[in-house]
Amino acid sequence: VIGRMYRALDRAYVLAAEDETVKRRLDDLVLLTRYSELTMNWRQDINNRKKLEPMLDFVFAYQAYGMYSMKRIPSAVQRRAKNYKVTPRPERPVVRQELLQIVKDGIAENKLIPFKTVSFDETTLRPLKQKEQGTPSSFEMRAHRDLLLWLERPTEFKAVNGLITYYRNRGNLKLELYQFDMDGAEGDGDAEALVWRDESVVPDGEERKLVLPVKRPGLHRLVIDDGDDKSRLVFPPGLPVVFNTQTNSRQRLVGSLVFFVPKGTKSIGFHSAANGVMRSPDGQIRFDFRKAGNGYHAVEVPAGQDNAVWNIERFGGSLRLMTVPPFVAASKASLMIPTK
C-alpha cells in the first residue's frame with residue numbers, strides 16, 4: 001500500500017504541472033505517507049526503539065509544518081519513549097525538493113508485490129471429501145463476522161460468549177443462519193434466506209449447546225455478532241465449515257489452518273499481520289509470518305505442490321488470501337473449495 005501511495009504521488013506531481021495549489025496539497029500527502037510508513041514499521045515491533053525513534057524524529061522535525069501535533073502523545077508511545085531526546089531541526093521552511101526526495105526514497109524502499117487478486121465465487125463452495133474426521137473446528141473472534149457451512153442434517157455445536165470479562169455488558173450473542181438459494185428453490189435466484197435466529201447465549205463465559213436446523217441440505221452462512229465481547233464457536237469434527245479471509249480480513253485467527261491451492265497456481269499472494277509458519281504439502285516451511293513482518297507477501301508454489309491443501313501452523317493474527325481461494329478451515333476434513 002505504501003509503495004503504491006508513493007508512486008501515485010510521483011505521478012500526481014507530474015500531472016499537477018504548474019498548479020501550485022495542487023502541489024501544496026500533494027506536499028501534505030507526502031508527509032502523511034511518510035508518517036504512515038514509519039508508523040507501520042514501528043507497529044511491526046512496537047518495543048523496538050530503533051523503529052520508534054525515526055517516527056518521533058520525523059514528527060518533531062515537521063510539526064511546524066502543521067501536519068502533526070505532539071501535544072497529546074498516545075500512551076503506547078509514551079511508555080516506550082522514555083529518555084527520548086528530540087533532535088534539533090534548523091528553523092527553515094520545508095522545500096519541495098526535500099519532499100520529492102522523500103517520494104523517490106519511498107519508491108525505492110517499497111517494492112510492489114507482483115501479483116493480482118483472483119476472485120472466487122463463494123456460492124460454488126463444496127466440501128472437500130475426506131475419509132478422516134479431522135478435529136473440532138473452533139473459531140474464537142470478536143465483533144461481527146460470518147462462517148460458511150455445508151449442512152445436511154440438524155447439527156449441534158457449542159457457543160461461549162463474554163470471553164472478555166470487562167465487556168460483558170455488550171449483550172447476548174446474536175446468531176443468524178442463512179440458506180444459499182443457489183437453485184432458485186425459494187424464487188430469489190442467488191439470494192440467501194434466513195432460516196434460524198438465536199440470541200440465547202448470554203455473555204458469562206459459560207459454554208452452551210445449540211442446534212443448527214436444516215431446511216434443505218446445502219451451503220449456509222452463519223452470521224455472528226457478539227458486540228465486540230469475544231466469543232467462541234466449536235463445531236463437530238468433519239463438518240465442512242470455512243472462514244472467508246477476504247470478507248472478514250480484519251478478524252484475528254488463532255491456531256492451525258488449512259487452505260487450498262488450485263492447479264496451475266504459481267504464487268500465493270496475501271496480506272498478513274501475524275505469527276506462525278506456512279507449510280506446503282511436502283512438509284517444507286515456505287513462509288515465516290513473524291520474520292516477514294506485516295504487509296503484502298508472495299510465496300512461490302514449487303512444482304508438484306499445487307492442486308493440494310497447504311497448512312498454516314501456530315497462527316495468530318490477521319490474514320487475507322488474494323491469489324488462491326480465500327477460505328480457511330481448521331482441518332482438511334472441514335475444508336470447502338469453490339468450483340469456480
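1. Basis of the model. This is a predicted model, in which local features need pLDDT of at least 70 and side-chain atom pairs count only at pLDDT 80 or more, while totals for chains, interfaces and linings use all residues. Residues are numbered from 1 along each chain as its sequence is written, and side-chain values use heavy atoms, with hydrogens and water left out.

2. Overall make-up. The protein has 6 helices and 17 strands, where helices (H or I, at least four residues) and strands (E, at least two) are DSSP runs numbered from the N terminus. Of its 340 residues, 43% count as buried, a term that stands for under 20% relative accessible area, with exposed meaning over 50% and partly exposed lying in between (1.4 Å probe, protein chains only). Among the contacts in the protein with a separation of 6 or more, 79% come from residues 24 or more positions apart, contact meaning heavy atoms within 4.5 Å.

3. Helices α2 and α3. The axes of helix α2 (residues 20-43) and helix α3 (residues 49-62) come within 8 Å and cross at roughly 155 degrees; such axes are lines fitted to C-alpha atoms, for helices over the stretch in contact, and the angles run from 0 to 180 degrees between N-to-C directions. The two helices are therefore roughly antiparallel to each other, given that angles under 35 degrees count as roughly parallel, over 145 as roughly antiparallel, 65 to 115 as roughly perpendicular and the rest as oblique. The crossing of α2 past α3 is left-handed, a word used if the near helix is turned anticlockwise from the far one by less than a right angle, with right-handed used if clockwise. On the α2 side the contact is made by L31, R34, Y35, L38, T39, N41 and W42, which meet K51, L52, P54, M55, F58, V59 and Y62 in α3. By class, this contact has 10 nonpolar, 2 polar and 2 charged residues, where Ala, Val, Leu, Ile, Met, Phe, Trp, Tyr, Cys and Pro count as nonpolar, Asp, Glu, Lys and Arg as charged, and the others, Gly among them, as polar.

4. Helices α1 and α5. Helix α1 (residues 2-16) packs on helix α5 (residues 96-109) at an angle of about 140 degrees, with the axes 8 Å apart, and that angle makes α1 oblique to α5. Here too α1 passes α5 in a left-handed crossing. The α1 residues Y6, R7, D10 and Y13 meet R96, L99, L100, I102, V103, G106 and I107 in α5, and by class the contact has 7 nonpolar, 1 polar and 3 charged residues.

5. The six-stranded sheet. An open sheet is formed by 6 strands in the order β6-β5-β8-β3-β10-β16, with antiparallel pairing; two strands pair if DSSP finds at least two bridges between them. Its edge strands are β6 (192-201) and β16 (327-328), each of which pairs on one side only. Within this sheet, 7 of the 8 residues of β3 are buried, so β3 is largely enclosed by the rest of the structure. Strand β3 pairs with strand β8 (residues 218-225) in the antiparallel sense over 8 bridges, and L147 stands opposite L222 in β8. Strand β3 (residues 144-151) also pairs in the antiparallel sense with strand β10 (residues 241-244), over 2 bridges, where L149 stands opposite V241 and L148 has V242 as its bridge partner.

6. The four-stranded sheet. A further open sheet has 4 strands in the order β2-β9-β4-β7, again with antiparallel pairing. Strands β2 (137-141) and β7 stand at the edges, each with a single partner strand, so one side of each is left without a neighbour in the sheet. The twist averages 20 degrees from one strand to the next. Strand β4 (residues 155-161) is mostly covered, with 5 of its 7 residues buried. It is joined by 6 bridges to the antiparallel strand β7 (residues 207-212), in which E207 is the bridge partner of V160. Strand β4 also pairs in the antiparallel sense with strand β9 (residues 231-235) over 4 bridges, in which N161 is partnered by S231 and A159 by L233.

7. Residue S249. This residue lies in the loop between β10 and β11 (253-261), and S249 is partly exposed, with a relative accessible area of 22%. Not counting residues up to four places away in sequence, S249 touches S318, L319 and R320. The C-alpha atoms of S249 and P326 are separated by 9.8 Å, although the two residues are 77 residues apart along the chain.
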